[in-house]
Amino acid sequence: MVDLNSDLGEGLGVWSLGQDLAMFDLVTSANLACGFHAGDPGVMRRSLRLAVEKGLAVGAHPGYPDLSGFGRRDMALTPEEIVDSVVYQIGALQALGRAEGALVRYVKPHGALSHRAAVDAKVAAAVVAATVQAMKGAGSAPVLVAMAGSAMAVEAERAGLRLVPEVFADRAYDEAGRLVGRGVPGAVITDPAAVGARVVRMVRDGEVETIGGGRVDVTAGTICLHGDTPGAASLARAVRKALLDAGVRVKAFA
């Protein structure tokens, strides 16, 4: 059994991004932007409403305060600033969620914040602290989505959070098990057959081929399908079919 998640609600005002309407029908968990890298109150509320209608688990997808860079540029924030900004973003989604009857069940950091927190213990500890603070009283232990073996995973275990290990269907890995930067040729994988096959290998065999042709071990509790990847809906359909054909059940972890 495995979960399929997607970063959704990443429009802003009259601008939309990705293939949200299709993706809401294909995944089991929705990571919703919280207004700092994308999203606004209206987009957030409509996304929450859709998630409820489709029966999806809802997670907060906080990022750096970087609308013009879509949260994909690193920022030199202090740990205190990271804690405050992440608590703020989760809280905003929680408030709108209450209005729409949606419970925010987990946290998955976005973009550059996620990449930094994967390797920087201080940033990871700040993200974990913010998750604990914002999710207290949510009815269950706070849940964090992050790559197994990352600094966030270490800090989550130290803080007693439930960690759901994440793998990426449409992104290439390097020899160290990290995601290849988007500017590198081949970093984003858009062939549905290739994506389906690699996801089955990650779930069934616990490994993935690297961009250099090697292999690294991975742990797949949830599979990320980026909504803004070209052909995202086709990729999601291919992944679901490949998993079902391999005897893997698709179900939300939360």
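The model is predicted, so to speak of local features takes a pLDDT of at least 70 and side-chain atom pairs count only at pLDDT 80 or more, while totals for chains, interfaces and linings use all residues. Residues are numbered from 1 along each chain as its sequence is written, and side-chain values use heavy atoms, with hydrogens and water left out.

**Exercise 1. Find the aromatic pairs, and classify the one between Phe36 and Tyr88.**

Start with the search: across the whole structure it turns up two aromatic pairs. Rings of Phe, Tyr and Trp (its six-membered ring) pair if their centres lie within 6.5 Å; planes under 30 degrees apart are stacked, over 60 edge-to-face, and the rest tilted. For Phe36 and Tyr88 the centres are 5.5 Å apart and the planes at 40°, so this pair is tilted. Helices (H or I, at least four residues) and strands (E, at least two) are DSSP runs, numbered from the N terminus. Finally, Tyr88 is exposed, at 56% relative accessible area; exposed means over 50%, buried under 20%, and partly exposed in between (1.4 Å probe, protein chains only).

**Exercise 2. Describe helix α8 (residues 232-245) and what covers its buried residues.**

First, the span: α8 has 14 residues and reaches 20 Å from first C-alpha to last, close to the 20 Å expected at 1.5 Å a residue. That expected span is 1.5 Å times one less than the number of residues. Then list what is buried: Ala232, Ala233, Leu235, Ala236, Ala238, Val239, Ala242 and Leu243. Their cover includes β1 (3-8), α1 (20-23), α7 (192-205) and β9 (222-224). After the helix comes Gly247, with a positive phi near 80°.

**Exercise 3. Which residues have the most contacts inside the largest nonpolar core?**

A nonpolar core is a set of buried Ala, Val, Leu, Ile, Met, Phe, Trp, Tyr and Cys residues joined through side-chain atoms within 4.5 Å. The largest has 70 residues, and Leu93, Tyr173 and Leu243 have the most contacts inside it. Helix α5 (residues 121-135) gives the largest share, eight residues. Now zoom in on Leu243: leaving out residues up to four places away in sequence, it touches Val2, Leu4, Val199, Val200, Val203, Ile223, Val248 and Val250. Contact here means heavy atoms within 4.5 Å. There's also a second, separate core of six residues, including Ala57, Tyr106, Val143 and Val145.

**Exercise 4. Work out how helix α4 (residues 111-119) packs on α5.**

Two packed helices are described by the angle between their axes and the distance between the axes. For α4 and α5, these are about 115° and 6 Å. Axes are lines fitted to C-alpha atoms, for helices over the stretch in contact, and angles run from 0 to 180 degrees between N-to-C directions. As for who touches whom, α4 brings Leu113, Arg116, Ala117 and Val119, and α5 brings Ala121, Val123, Ala124 and Val127.

**Exercise 5. Is Gly59 buried or exposed?**

Locate Gly59 first: strand β3 (residues 57-61). At 0% relative accessibility, Gly59 is buried. Not counting residues up to four places away in sequence, Gly59 touches Ala30, Asn31, Leu32, Leu93, Val104 and Tyr106.
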